[in-house]
Amino acid sequence: MDDRTLTDLLRRFGLSEKEVDTYLTLLEHGEAKASTVADAAGVSKRYVYSVSESLANRGFVEVNDHVVPTTIRANPPEEVIGRLREDVESIRPGLEERFSRVDERAEQFEVIKSRVTVLKRVRSLVADAETGLILSVPGEHLSEIREALAAAVDRGVFVLLIVSDTVEVPDVDGVASVTRSWTEAMPTLLTVDSAAGVVAPPELLQRSNTDRQAIVFAQEQLAPVIVGSFLGNYWPAATEVATAPPNDLPIETANFRDAVLQATLHLRDEVPLRAIVGGRFTDDDTPIELEGTVVGVNQGMVEPANNEFPVQHSLVVESDDRTVTVGGPGAFVEDVEADLVRLERA
């Protein structure tokens with residue numbers, strides 16, 4: 001095997017070109033002083049020490065610093081290959097699990113014709129929620145998914161809920177972050193973690209003898225459309241009936257709407273807030289870690305709303321004598337798109 005091919009193969013295991021040169025030099029010498037390796041590999045002696053530590057951590061070499069001068073010995077190739085094989089095999093289960101999960105999700109697009117199955121899918125998706133969900137459901141069917149919603153709230157999932165087609169609002173204690181009601185019939189809409197959900201026409205849950213059908217989807221491209229319709233068309237028309245108390249500080253969340261809601265509630269209680277934000281500037285994608293005082297919010301989740309358009313939810317942070325607006329994933333009108341937000345008492 002020529003040197004170029006061997007170098008390319010070793011680089012596939014994360015070694016830099018200089019690391020490969022150093023390792024191959026050690027293989028040729030067996031065991032050598034750092035100065036000898038440096039001369040042969042064309043690098044500095046200081047670099048050889050640094051690279052040798054990295055190679056030793058990966059099992060390629062052993063550094064003998066109990067002698068003067070320090071020597072470095074290449075481990076036998078069969079030992080190195082055995083360790084690499086073990087590493088590859090150890091990650092196989094995790095890779096296969098994620099591949100299966102993504103493959104299953106990518107292919108999932110199910111048409112449902114029965115009310116019972118719709119509610120079963122809703123319960124299942126709510127039970128799998130990790131960060132956040134939005135849901136509209138007829139009031140008479142809330143009891144059938146109440147347990148799943150309460151469990152989601154208990155494990156920290158952010159929930160926006162509309163109870164529709166009802167005059168008398170059922171008990172909604174502990175089932176959502178914010179709950180609204182609407183007397184009109186509306187589609188049953190659900191999105192979970194902005195990745196999967198359900199869309200069902202009102203007739204399917206109202207009547208047992210209908211030819212209307214529901215759709216269960218698992219497409220990240222579709223979820224924002226459902227969320228936009230939920231927040232833009234139905235949420236403003238519904239009446240706020242319950243809001244959970246703010247969570248204890250500090251709060252760290254990957255669900256940006258949750259961060260905005262928590263900031264809103266704490267600011268209304270006159271709690272001074274400090275935000276730590278990781279994300280990027282929306283104009284040039286430059287990464288940023290922002291720390292500052294939360295001086296305002298733009299939101300439409302609880303009354304009174306002050307956002308300029310229904311899906312606008314943002315933090316206003318004062319940092320280093322400048323004021324920055326922070327939005328969630330997909331932000332474009334704000335200065336910063338956040339990946340993670342931590343709220344602390346200032």
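Start by selecting the open sheet of eight strands, whose order is 4-10-9-8-5-6-7-11 with mixed pairing.

Before going on, a word about what you are looking at. This is a predicted model, in which local features need pLDDT of at least 70 and side-chain atom pairs count only at pLDDT 80 or more, while totals for chains, interfaces and linings use all residues. Residues are numbered from 1 along each chain as its sequence is written, and side-chain values use heavy atoms, with hydrogens and water left out.

Zoom in on residues 188-192 and 196-200. These are strand 8 and strand 9, which pair in the antiparallel sense over five bridges. Click on Thr191 and look across to strand 9: its bridge partner there is Gly197.

Helix 7 lies across strand 5 (132-138) and strand 6 (158-164), and runs at about 165° to strand 5.

**The cores**

Show side chains for Leu160, Ile162, Phe230, Val277, Leu315, Val326 and Val341. These have the most contacts inside the largest nonpolar core, a set of 42 residues. A nonpolar core is a set of buried Ala, Val, Leu, Ile, Met, Phe, Trp, Tyr and Cys residues joined through side-chain atoms within 4.5 Å; buried means under 20% relative accessible area, exposed over 50% and partly exposed in between, with a 1.4 Å probe and protein chains only.

Which residues does Ile162 touch, leaving aside its neighbours within four places in sequence? Contact means heavy atoms within 4.5 Å, and the partners of Ile162 include Leu135, Val137, Arg180, Trp182, Met186, Phe230 and Trp235.

Move to the open sheet of three strands, ordered 1-3-2 with antiparallel pairing. Strand 1 (31-33) and strand 2 stand at the edges with a single partner strand each, so one side of each has no neighbour in the sheet. From one strand to the next, the twist averages 25°. Strand 1 is joined to strand 3 (residues 71-74) by three bridges, and Glu31 stands opposite Arg73 in strand 3.

Helix 3 (residues 34-41) lies across strand 1 and strand 3, at about 95° to strand 1.

Select Thr22 in helix 2 (residues 17-29). Is Thr22 buried or exposed? Its relative accessible area is 0%, so Thr22 is buried. Beyond its neighbours within four places in sequence, Thr22 is in contact with Val37, Ala41, Tyr47, Val51 and Leu55.

Hop to Ser52 in helix 4 (residues 45-57). Ser52 counts as buried because its relative accessibility is 1%. A polar atom of the Ser52 side chain lies 2.6 Å from the backbone oxygen of Val48. Further along the sequence, Ser52 is in contact with Val61, Val63 and Ile72.

**An aromatic pair**

The whole structure holds three aromatic pairs. Rings of Phe, Tyr and Trp (its six-membered ring) pair if their centres lie within 6.5 Å; planes under 30 degrees apart count as stacked, over 60 as edge-to-face and the rest as tilted. Display Tyr23 and Phe60: their ring centres are 5.0 Å apart and their planes stand at 80°, so the pair is edge-to-face. Tyr23 is in helix 2 and Phe60 in the loop between helix 4 and strand 2 (61-64), 37 residues apart. Both Tyr23 and Phe60 are buried.

Finish with strand 13 (residues 273-281) and strand 14 (residues 287-298), an antiparallel pair with seven bridges. Gly278 has Glu289 as its bridge partner in strand 14. The two strands form a hairpin with five residues between them, and Asp285 in the turn has a positive phi of about 65°. Strand 14 also pairs with strand 15 (residues 314-319), antiparallel over five bridges, where Val297 stands opposite Leu315.

Conventions
Pairing = 2+ DSSP bridges. Helix = DSSP H or I, 4+ residues; strand = E, 2+ residues; numbered from the N terminus. Axes fitted to C-alpha atoms, helices over the stretch in contact; angles between N-to-C directions. Polar contact = N/O pair within 3.5 Å; in protein donor to acceptor, adjacent residues only side chain to side chain.
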